[in-house]
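Notes follow in the order I looked things up.

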Amino acid sequence: MAKLQGFDFWRTTLKGARYVVAPMVDQSELAWRLLSRRHGAQLCYTPMLHAQVFVRDANYRKDNLYNEVCPEDRPLITQFCANDPEVFVQAALLAQDYCDAIDLNLGCPQMIAKRGHYGVFLQDEWELLEKMVKLANEKVSVPITCKIRVFNEVDRTVKYAQMLEKAGCQLLTVHGRTKDQKGTVTGIASWEHIKAVRDAVSIPVFANGNIQHLSDVERCIAETGVQGVMSAEGNLHNPALFAGRSPPVWEMAEQYLEVVQRHPPCTLSYVRAHLFKMWHHTLQIHQDLREDLAKVKNLEALSGVSRQLKQRCQEEIARGEEAGQQGGLPFPHWICQPYVRPPPKEAVANGNGAEVKATCHKRALEDSDRGADADALSKNKLKKKARNPHKNFCPEHKPKYIKCEQCGNPKGNKCVFNLCRACCKKKAYKEVADCPSHGLRFKTKAEKQKAGEEEEGRKGLKNRKPGSTSDPPDLEQSRGLKEIHTTTN
């Protein structure tokens, strides 16, 4: 069967999806995708996967894609970051049977993407990008899509999109912000850029940016003419965004935790991060439970903190309090609603009437002569100092970590395999071994289980009735056959 392209791919494979959950590192995992689909999402992306690691590490493939295969989780697009055409194609070939399309991330603006030379930091290397998309389109059995950020200039953004379309991109997601619009200077996404791209290409286009409510989705489609709208932060704070609802936070939290339990395993840090996002506004008030949510070590404990937050909110409701609206929120804090970043500080006038930009000055480096004195430490280091009074923050005394032999993370100091805990756990499980340094007892548990089984067997022999044969019938029968065979020979 020929590979569907462009609008045929969008209408048939993606079923004309309009409401899209964005690829989010460590956040758009299976459980979250299923929860979002339950509340109106029609298409989801996997978290961004590193193509080189995906090709090299079988465990990475299993943990991040293969083990998350679920019939309910379709249509699904797998996103990769890559900067090498051959590696991107290899990763796509390994993933193509588990998804409906492969997406190339050309929009990540974070520092890790700059160091790794991928994401939006490839947007000036058109020759490389054209080769990557063209080769993948030729070799891979599912369509290739791209997610980009815009340039400051509309014309350059349009030419960029047309280049990707010509190379073989079958669907384009346009985030209407530039490379520099992130963090405190995120600002407003430009729908003007998105509309210009939509008018200039003949493939489906998704818009990304400025989506906080379902009304924003409909307005974006009307103003830009795109085929669908993608949401990231809006979806994280309200997974029912595409259903047009703003439910109580505990309703979404309980449903999410239920999905996590139905589809294990789910990394605890992912679950914790989602609860922090959904309960964000409430945690500004109940700071003690914020600390608890950060410290607990298992899923049941996370669920317990969420139940406590629910109880406190219901007590506030019973007292008739509207604490959330007092903080400038459109709804009470216990209602799912978007988080709006505070704008950067505006320029202020100096004594001469000239405007001076408000700048954030970095803390001066710690004076090596003062060492780790209290007045030279950040708040975070002071907290660490309170937990461990003997901790030394002097760079010269910082221990040099030995890297894990498999992944490059710091290895355990006394690990029997010279690995980090994650790699050690996989190896110890595979080889049924112990690692006291990491608290792993696979061999010990296996020996205890075997001893228990032997003990049960001995008890069974003692409990046999008098006159019963000492051996099981099948064993007696085999011995009799052996004696007849010996006699015959």
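Before the helix pair, a reminder to myself: axes are lines fitted to C-alpha atoms, for helices over the stretch in contact, and angles run from 0 to 180 degrees between N-to-C directions. Also for the record, this is a predicted model.

Helix pair. I checked helix 9 (residues 191-200) against helix 10 (residues 214-224): their axes come within 9 Å and cross at roughly 50°. So helix 9 is oblique to helix 10. On the helix 9 side I found W191, I194, K195 and R198 making the contact, and on the helix 10 side D216, R219, C220, E223 and T224. Sorted by class, that contact of helix 9 with helix 10 has 5 charged, 3 nonpolar and 1 polar residues.

I then followed W279 beyond its neighbours within four places in sequence, and it touches V249, W250, A253, S306, L309, K310 and C313.

Cysteines. How many disulfides does a search of the whole structure find? It finds 0. I looked at C169 to see why: its closest cysteine sulfur, in C146, is 3.9 Å away, too far for a bond, as a disulfide needs the sulfur atoms within 2.5 Å. C169 counts as buried because its relative accessibility is 1%. C70 counts as buried too, at 8%.

Key
Residues are numbered from 1 along each chain as its sequence is written. This is a predicted model: local features need pLDDT of at least 70, side-chain atom pairs count only at pLDDT 80 or more; totals for chains, interfaces and linings use all residues. Side-chain values use heavy atoms; hydrogens and water are left out. Helices (H or I, at least four residues) and strands (E, at least two) are DSSP runs, numbered from the N terminus. Angles under 35 degrees count as roughly parallel, over 145 as roughly antiparallel, 65 to 115 as roughly perpendicular and the rest as oblique. Contact means heavy atoms within 4.5 Å. Ala, Val, Leu, Ile, Met, Phe, Trp, Tyr, Cys and Pro count as nonpolar, Asp, Glu, Lys and Arg as charged, and the others, Gly among them, as polar. Buried means under 20% relative accessible area, exposed over 50%, partly exposed in between (1.4 Å probe, protein chains only).
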